[in-house]
Amino acid sequence: ISEPEPLQLSQPEGKKAVATSCIACSRSHMATIAGALEEGIRFAREEGVTSPESLRRIDAAEREIVMMERIDLSAEAIENSPEKDKVMARYFLPKIRSLRQNIGQISNVDQMEKAASEASVLHHEFRLKQMESAGVDLNPLMELARKVQAGELTIAEARTKAREFLPAET
């Protein structure tokens, strides 16, 4: 039996060893974090945050946020990114760090609800900033939100109208 050949890791010609920050990947991580915590609350309200299903979802949210922070938004990845991605990543890093700390401190339903709410708000803010960075005019969306708050539209009606001017998901 011969010795296996050592694994050779090399970059394709002209490629950097460190990737750029991935804003789209980070948005997906944020969706997973928010979804895991929201789903975990369903179990936590019935059985507490130490139930196996609650813990599984808290753990999933914590793994996602650490992966996003340490890989997609690492210092090296940000440094190798286009300027608009650098600005966005640096803007969100303190908020992401705060959320990670709050997820790590969950010990009761109230803390889990707070972290889930924070994750949901941060995910929506992240998505809107990414859309704005891509050149989407958010003013019509803000007007729809104002109309929902004023009771002039239902959320369902606003969602339908929003589809008229928002780009399709990619």
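Visitor: Why is Cys22 called partly exposed in this predicted model?
Guide: Its relative accessible area is 21%. Buried requires under 20% and exposed requires over 50%, so Cys22 falls in between and counts as partly exposed.

Visitor: What makes Cys25 partly exposed?
Guide: The relative accessibility of Cys25 is 34%. That value also lies between the cut-offs of 20% and 50%, so the term partly exposed applies.

Visitor: How do you know that Cys22 and Cys25 form a disulfide?
Guide: Their sulfur atoms are 2.5 Å apart. A disulfide is a pair of cysteine sulfur atoms within 2.5 Å, so the pair qualifies. The angle about the S-S bond is 65 degrees, and the link is right-handed. A search of the whole structure finds 1 disulfide.

Visitor: Why is Glu69 called buried?
Guide: Glu69, in helix H2, has a relative accessibility of 6%. The limit for buried is under 20%, so Glu69 is buried.

Visitor: Which residues is Glu69 in contact with, leaving aside its neighbours within four places in sequence?
Guide: Glu69 is in contact with Ser74, Leu93, Ile96, Arg97 and Arg100. Leu93, Ile96 and Arg100 are among the buried residues of H4.

Visitor: What do the buried residues of H4 pack against?
Guide: They pack against helix H1 (23-47), helix H2 (52-72), helix H3 (75-79) and helix H5 (109-133).

Visitor: How does the span of H4 compare with the span expected at 1.5 Å a residue?
Guide: H4 (residues 83-104) has 22 residues and reaches 31 Å from its first C-alpha to its last, close to the expected 32 Å.

Visitor: Where is the kink in H4?
Guide: A kink of about 35 degrees lies at Leu93, shortly before the proline Pro94.

Terms used:
Residues are numbered from 1 along each chain as its sequence is written. This is a predicted model: local features need pLDDT of at least 70, side-chain atom pairs count only at pLDDT 80 or more; totals for chains, interfaces and linings use all residues. Side-chain values use heavy atoms; hydrogens and water are left out. Helices (H or I, at least four residues) and strands (E, at least two) are DSSP runs, numbered from the N terminus. The expected span of a helix is 1.5 Å times one less than its number of residues. The bend at a residue is the angle between axes fitted to the seven residues ending there and the seven starting there. Buried means under 20% relative accessible area, exposed over 50%, partly exposed in between (1.4 Å probe, protein chains only). Contact means heavy atoms within 4.5 Å.
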